[in-house]
There are 2 protein chains.
Amino acid sequence: MDVIVAIDCMGGDHGAHVTVPAVLQYLAKDPQSAFILVGRKPEIEAELARLRAVPSARLRIQHAGEVVEMDDPPATALRGKKDSSMRVAIDLVKKEEAQACVSAGNTGALMAMSRFVLKTLPGIDRPAIATTLPTLNGHTCVLDLGANVDCTAEHLLQFAIMGSELVGSVDGKAQPTVGLLNIGEEDIKGSDVVKRAAELLRASDLNFYGNVEGDDIYKGTTDVVVCDGFVGNVALKASEGLAQMLGTSLREEFGRNLLTKLIGVIAYPVIKHFKNRVDHRRYNGATLIGLRGIVIKSHGSADVFAFGFAIQRAVEEARTGVLRHIEERMSHVQQTAA
Amino acid sequence: MDVIVAIDCMGGDHGAHVTVPAVLQYLAKDPQSAFILVGRKPEIEAELARLRAVPSARLRIQHAGEVVEMDDPPATALRGKKDSSMRVAIDLVKKEEAQACVSAGNTGALMAMSRFVLKTLPGIDRPAIATTLPTLNGHTCVLDLGANVDCTAEHLLQFAIMGSELVGSVDGKAQPTVGLLNIGEEDIKGSDVVKRAAELLRASDLNFYGNVEGDDIYKGTTDVVVCDGFVGNVALKASEGLAQMLGTSLREEFGRNLLTKLIGVIAYPVIKHFKNRVDHRRYNGATLIGLRGIVIKSHGSADVFAFGFAIQRAVEEARTGVLRHIEERMSHVQQTAA
């Protein structure tokens, strides 16, 4: 047993019906992992019973009576729900009883609680939300995705350092390339903050590629793409919306009449392979990066398959020591600046 | 003949080889339209000869010796290329010899020249770039897409007015709904500028829906989506990148082996119908809105089919009197404010 992950079993649209089976499936695959199921004990036990599973040394239950609702304002959740499954899961990371936690709950509350309980790493002003998006030949790590609406150039530099260490640690890539999201490749493009961030990035010891544009995210031009949380959030959600629209259109076309339905049956293996390949559920699990602990945010609507990827993400990050790497890099940056 | 459009025949990646045939095809469809082909006369004549066409009352050539290159800085193009096809096309709108112009050239140069030559409409501080994006059941008008990196709340209000009038005029929709692009639906979300813009929009006589998120663009939640140019540009390009990635993946899956290729042949009619439906070329033609004249920007890589839609857009806008509607609305806003 080399890593223990605390799971907020009550978070997300489906609560224990998704989180508990996802943990059981993951446990079966990864014999070195262990989990603490956090939430209302009766509900978790009922779910375990339904799945004919029992607690063990690798699977213990930690009762937490409250639940953070999807529409709870972060401040309310932070002050009022100290016995929530989300909060207790984070507390377990703080107490070092777990090396990471995963929640499909309310992002704002998760960020507020994590920041309050775990604090940020030395030299990091603000945590960011980082996720991995698919490209034609691999994937790109994009941050920030919505934690920070107004960013300074220094914040963007910190995001770049964190993203770089994240990719370096999890993907084992030495000196990942970093792109700065902008509206043109030329240095003169963009806002003053972005221009100044480019200067800082050029002066840093990161492998800075230069400006990239929105389409470079999916082209995989760089390993890391850095942007403020407003831009990142809009880009991610616009992508989700487009993917959904295209998926629905494709389904509608195959469902148009008897002939197209028949063609759909014939084409099914190819379409299925295509869908598997671009399945966004494989990319579920955003990292709240910059904290003194690993916190993974799953999509609220995640199913068992998707939630499994968020768990895998937590385990992988816990095993790599990414936080130590960020800390080392930040102390180096600060020494250089001093 | 009710509308004359000036075409920058030299702009874009393919110049006269695309622009001239697109005009001829459009002319054949729309007997009330007329065109001025602007650019190097010998090249345009050669293209007309290749297509067995001749100038006429509805198709005249206006010689312009220079060409704005894709990498010409806007200031250089503005000062140094007064005899360029782009500039002469805009001048024709200024002189009211044409009611609109279309260019597939360098966006920055087109905006700089248009602003310099045509000036903005009364009450409009900055022109914006507006485009139409497909939704499941129609389309949404999004602006700004990159003309304005830093926007105030007042600018966003002006964009909303322009977008609203554009949709109202071209689609004949009374009181189109307007969404403000944000990172959450709640009023407390977003930057100070966005929050203040929401207040202005609520106080206006526009049909303001409230905040929308990135995925709402493709859901078609509102008729108009307003954002600053940085965010809009990134969202648009990220969408382009994703669509390209998905298209390539789908092609690769059908091309995997002999069996999948065979399935591809069988599925071809359905896939083709799907592709037609979501073909981005149908949405080619962004409007530089807020100027005292209609200027349409085609994608630089547009083919004949795509460029035809930019031409259609120019003709439609010229026929609606959209600029007069914006002017009327702005004078009303100013009277209310005074």
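**Entry 1: the sheet of chain B**

Before counting strands, I reminded myself that two strands pair if DSSP finds at least two bridges between them. I also kept in mind that this is a predicted model. With that settled, I traced an open sheet of 11 strands in chain B, with mixed pairing. The order I wrote down is β3-β2-β1-β4-β11-β10-β5-β6-β9-β7-β8. Next I looked at the edges, where I found β3 (59-63) and β8 (207-212) of chain B. Each has a single partner strand, so one side of each is left without a neighbour in the sheet. From one strand to the next, I noted a twist that averages 25 degrees.

Strand β2 (residues 33-39) of chain B runs parallel to β3(B), and 5 bridges join the two. Within this pair I found B:G39 opposite B:H63 of β3(B).

**Entry 2: helices on the sheet**

Which strands does helix α6 of chain B touch? I followed residues 153-170, which form this helix, and saw that α6 packs on the sheet. The strands touched are β5 (128-135), β6 (138-143), β7 (177-181), β9 (224-226) and β10 (286-289) of chain B. The direction of α6 makes about 165 degrees with that of β9(B).

Helix α7 (residues 192-203) of chain B was my next stop; α7 lies across β7 and β8 of chain B. I noted about 165 degrees between α7 and β7(B).

**Entry 3: two domains in chain A**

Domain 1 covers 1-121 + 290-320, and domain 2 covers 125-288. Their C-alpha centres lie 25 Å apart. For the contact I counted 22 residues from domain 1 of chain A and 15 residues from domain 2 of chain A.

Which elements give two or more residues to the domain 1 side of this contact? I listed α5 (107-118), β11 (294-297) and α11 (304-320) of chain A. The largest share of that side, 9 residues, comes from α11(A). Sorting the residues of the domain 1 side by type, I got 11 nonpolar, 6 polar and 5 charged.

**Entry 4: how the chains relate**

Notes
Residues numbered from 1 in each chain as written. Chains lettered and ligands numbered in written order. Predicted model: local features only at pLDDT ≥ 70, side-chain atom pairs only at ≥ 80, totals over all residues. Helix = DSSP H or I, 4+ residues; strand = E, 2+ residues; numbered from the N terminus. Axes fitted to C-alpha atoms, helices over the stretch in contact; angles between N-to-C directions. Contact = placed C-beta atoms within 7 Å. Domains from an automatic or database assignment. Nonpolar A, V, L, I, M, F, W, Y, C, P; charged D, E, K, R; others polar.
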